[in-house]
Amino acid sequence: MKMDITINKNIFKRSAKKVLSCGLTLSILVTSVGLFSGCNELDGANNVPEHIFVYAENQSENYPTTRGAYKFAQLVNEKTDGKIKIIVKANGELGDEKSVVEQLEFGGVDFSRVSVASISDNIPKLKVIQMPYLYSGESAMWTVLDGDIGKEFTQAIQESGYGIMALSWYDAGARNFYSVKPLTSMSDLAGMNIRVQESEVMAKTIQLLGANPVKMIYSEVYMALQTGKIDGAENNWTSYEYSRHFEQAEYCLIDEHIRIPEVQLISEKTWNNLTDEEKDIISECAKESAIYERDLWRMADDSAKRTVIDKGVIVTKVSEEERSYFREKLQPLYDEYCSDYMDIIEKIQSIQE
Ligand code: GCU
């Protein structure tokens, strides 16, 4: 019997947030059949696992991206005949998105699904897909991400030097504003403290709209709304409902200012330890899980919208005139962050004409 267990623990201290998170990767080589006999948890298929990987997800168990992660884990387990087992850790158990990305870099976490906003500060090209009012709608975004332009962004992630690789794009819908104070027009945002993701582009967007951006991790938003630390935030319908932010912030302004996709990542360290066949399976299953997530997303986002409205949220849709006015106000973002990528912006625009 030969057993070689590598346990890789990385503990990172984030100076800004003082978040301690611990990633655990088990890479287990077992040549003794029967070592895990009786251990049902480990063998979804016929073989005992050769690799046990950890997948970090900051949303709750039933959220579409988490269900996408479980689907991915199940597909990989089936297609490797049980040789690869992926353990999904939801609810931000392994830390907030930025600290998880750091853990991916060192191989302490193997997979994660994060919002593009959490990696775009370090990968300038990704700021393009974080520009407000970039797409005419959902289908335009998928034409872009599923096509050659999407591949350029995937490559930018791989070439970033941050030890991460993109496997697939997940949906996260369009984002709207919500507030504890009356919010029935974009001008009401002036002077409000609005929570943003830890992203330079998001902070600048809020500033240009006349509000004060407050960078904060997702899990702290509910309490910050409750205690008055912030007046409002912005997110998609599904997050607004699942995070229960709507209980505190009952005014919602639909402007769909931005569509920030989610990206499923793998640590380069993990990737490099896989065989070519395993790499193909992982890539294929990631894409299949993305199709699954996108289907779930549409249903979840519609249902979340109906649920919060039924629960009494006061919803206003901005007029086209107001949207165009604020679109103009946000033009400096394109000048500041996309001047090196105007060719991509033009391609994105031409796809939508
Ligand atoms: C979306 C996304 C999360 C992210 C959140 C945020 O809900 O799915 O991963 O953390 O936005 O606003 O921080």
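**Exercise 1.** Determine which strand pairs with E5 in the antiparallel sense, and over how many bridges.

*Solution.* Strand E5 and strand E12 (residues 262–267) pair in the antiparallel sense over five bridges, where helices (H or I, at least four residues) and strands (E, at least two) are DSSP runs numbered from the N terminus, and two strands pair if DSSP finds at least two bridges between them. Within this pairing, Ser112 has Leu265 of E12 as its bridge partner. E5 also pairs with strand E3 (residues 51–57), in the parallel sense and over three bridges, and here Tyr55 stands opposite Phe111 of E5.

This is a predicted model, in which local features need pLDDT of at least 70 and side-chain atom pairs count only at pLDDT 80 or more, while totals for chains, interfaces and linings use all residues. Residues are numbered from 1 along each chain as its sequence is written, and side-chain values use heavy atoms, with hydrogens and water left out.

**Exercise 2.** Explain why E5 is described as largely enclosed by the rest of the structure.

*Solution.* Begin with one side of the strand, where Phe111, Arg113 and Ser115 are buried (under 20% relative accessible area, with exposed over 50% and partly exposed in between; 1.4 Å probe, protein chains only).

**Exercise 3.** State the mean pLDDT of the protein.

*Solution.* The mean pLDDT (the predictor's confidence in each residue, from 0 to 100) is 89, and 87% of the residues reach 70 or more.
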